Amino acid sequence: YVGPVMSRYLGRLAAELDAGDVQIMQSNGGTISLEAARRHAVQTVLSGPAGGAVGGFEIARRAGFDHVITFDMGGTSTDVCLCPGVLSRTAEATVGDLPIRLPVIDIHTVGAGGGSIARRDEGGSLRVGPRSAGADPGPIAYGHSGSEVTVTDANLFLGRLSADHFLGGQQRLAVAETRAGVERLAEDLEMSPAAAAAGVLRVANATMERAIRVISLERGHDPRDFTLVCFGGAAAMHAIDLARDLGIPRVLVPHDAGTLSALGMLLA
């Protein structure tokens, strides 16, 4: 399914641009021509996360750190990659339930992002993700008729986001609606609103912490030997908690961290 869809998209792109001037990001961190990408579209399927890993590793290297863990937290998922002096690569990966066998950057993905939805499960426990509010309607805080509490809403409720300075002040977040949503969730969980919001962040952090443990401790690497490079729209709000829990001594937040994946593609 992915190959034909990507091929059609790249075909439309080729019709609009001079194909000879276009390079397409590959899942392995390199680039190929537009025509080659049309013929072998599967090589681009993980290009977005790959761009993040390339950008995070290169920015850290220029800052003097070459043993890093890249931590890319966006709206729907978190991508982590261990770089012990080099970008780690593998010959096998999985997209959804589908295996792909070609060289890719060794990125581990979990369903925890700023838009991950918090809920009470059948056993009465708090769950966060993998279901996401997406871009539309998005978190309650965005004021686009969202009704389910997300990680972003918990951050706003606890004062980790400024309602008046979101997007450089271009958008004011919906504080009253967010508070009402957190209060509904807290009532469902039979706890205080502050405890419910803090619980949402703890559960999301636990999911991301497990992802970092998979690529480090479970592969014989000590996180204390690495720098955590955080980027994506939400990572900087969670990086310190993860670093503290994992014993990572240093967190690097690149300038314009929200667009670092795009920078990685340019660097590639």
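Student: Helices (H or I, at least four residues) and strands (E, at least two) are DSSP runs numbered from the N terminus, so what kind of model are these runs taken from?
Tutor: This is a predicted model, in which local features need pLDDT of at least 70 and side-chain atom pairs count only at pLDDT 80 or more, while totals for chains, interfaces and linings use all residues. Residues are numbered from 1 along each chain as its sequence is written, and side-chain values use heavy atoms, with hydrogens and water left out.

Student: OK, what's the strand order in the open sheet of five strands?
Tutor: The order is β9-β4-β3-β12-β13, and the pairing is mixed, where two strands count as paired if DSSP finds at least two bridges between them. The edge strands are β9 (108-110) and β13 (250-252), each of which pairs on one side only. Neighbouring strands are turned by 20 degrees against each other on average, direction ignored, with the axes being lines fitted to C-alpha atoms (for helices over the stretch in contact) and angles running from 0 to 180 degrees between N-to-C directions.

Student: Which way do β4 and β9 run, parallel or antiparallel?
Tutor: Strand β4 (residues 78-84) and β9 run antiparallel and are joined by three bridges, with Asp79 standing opposite Thr109 in β9.

Student: And how do β3 and β12 pair?
Tutor: Strand β3 (residues 67-73) pairs with β12 in the parallel sense over five bridges, and the bridge partner of Phe71 is Cys230 in β12. On to the next neighbour: β12 and β13 also run parallel, joined by three bridges, and Val229 has Leu252 in β13 as its bridge partner. The chain crosses from β12 through helix α7 (residues 239-246) to β13 in a right-handed β-α-β crossover, a term that applies if, with the strands pointing away from the viewer, the path from the first strand over the helix to the second runs clockwise.

Student: How many residues of β12 are buried?
Tutor: Five of the five residues of β12 (residues 227-231) are buried, where buried means under 20% relative accessible area, exposed over 50%, and partly exposed in between, with a 1.4 Å probe and protein chains only. Both faces of β12 are covered, with Thr227, Val229 and Phe231 on one side and Leu228 and Cys230 on the other.

Student: Switching to helices, how far does α3 reach?
Tutor: Helix α3 (residues 47-62) has 16 residues and reaches 22 Å from its first C-alpha to its last, close to the 22 Å expected at 1.5 Å a residue; the expected span is 1.5 Å times one less than the number of residues. Among the buried residues of α3 are Gly51, Gly52, Gly55, Gly56 and Phe57, and just after α3, Gly64 takes a positive phi of about 100 degrees.

Student: What about the hairpin of β10 and β11, how many residues sit between the strands?
Tutor: Five residues lie between the strands of that hairpin, and Gly124 takes a positive phi near 90 degrees. Strands β10 (residues 116-120) and β11 (residues 126-132) pair in the antiparallel sense over four bridges, with Arg119 opposite Arg127.

Student: Why does Asp121 count as buried?
Tutor: Asp121 counts as buried because its relative accessible area is 10%. Asp121 is found in the loop between β10 and β11, and a polar atom of the Asp121 side chain lies 3.0 Å from the backbone nitrogen of Gly123. A polar contact is a pair of N or O atoms within 3.5 Å; within protein, one must be able to donate a hydrogen and the other to accept it, and residues adjacent in sequence count only if both atoms are side-chain atoms.

Student: What does Asp153 touch?
Tutor: Not counting residues up to four places away in sequence, Asp153 touches Pro139, Ile140, Ala141, Glu148 and Thr178, contact meaning heavy atoms within 4.5 Å. Asp153 is in helix α4 (residues 151-157) and counts as buried at 0% relative accessibility, and the side chain of Asp153 reaches the backbone nitrogen of Ala141 at 2.7 Å.

Student: Last topic, which bond to Pro130 is cis?
Tutor: The peptide bond from Gly129 to Pro130 is cis, with omega near -5 degrees, and Pro130 is found in strand β11. The peptide bond from Asp136 to Pro137 is cis as well, with omega near 15 degrees, and Pro137 lies in the loop between β11 and α4.

Student: And Ser145, buried or exposed?
Tutor: Ser145 is exposed, with a relative accessible area of 71%, and has a positive phi of about 75 degrees although it is not a glycine.
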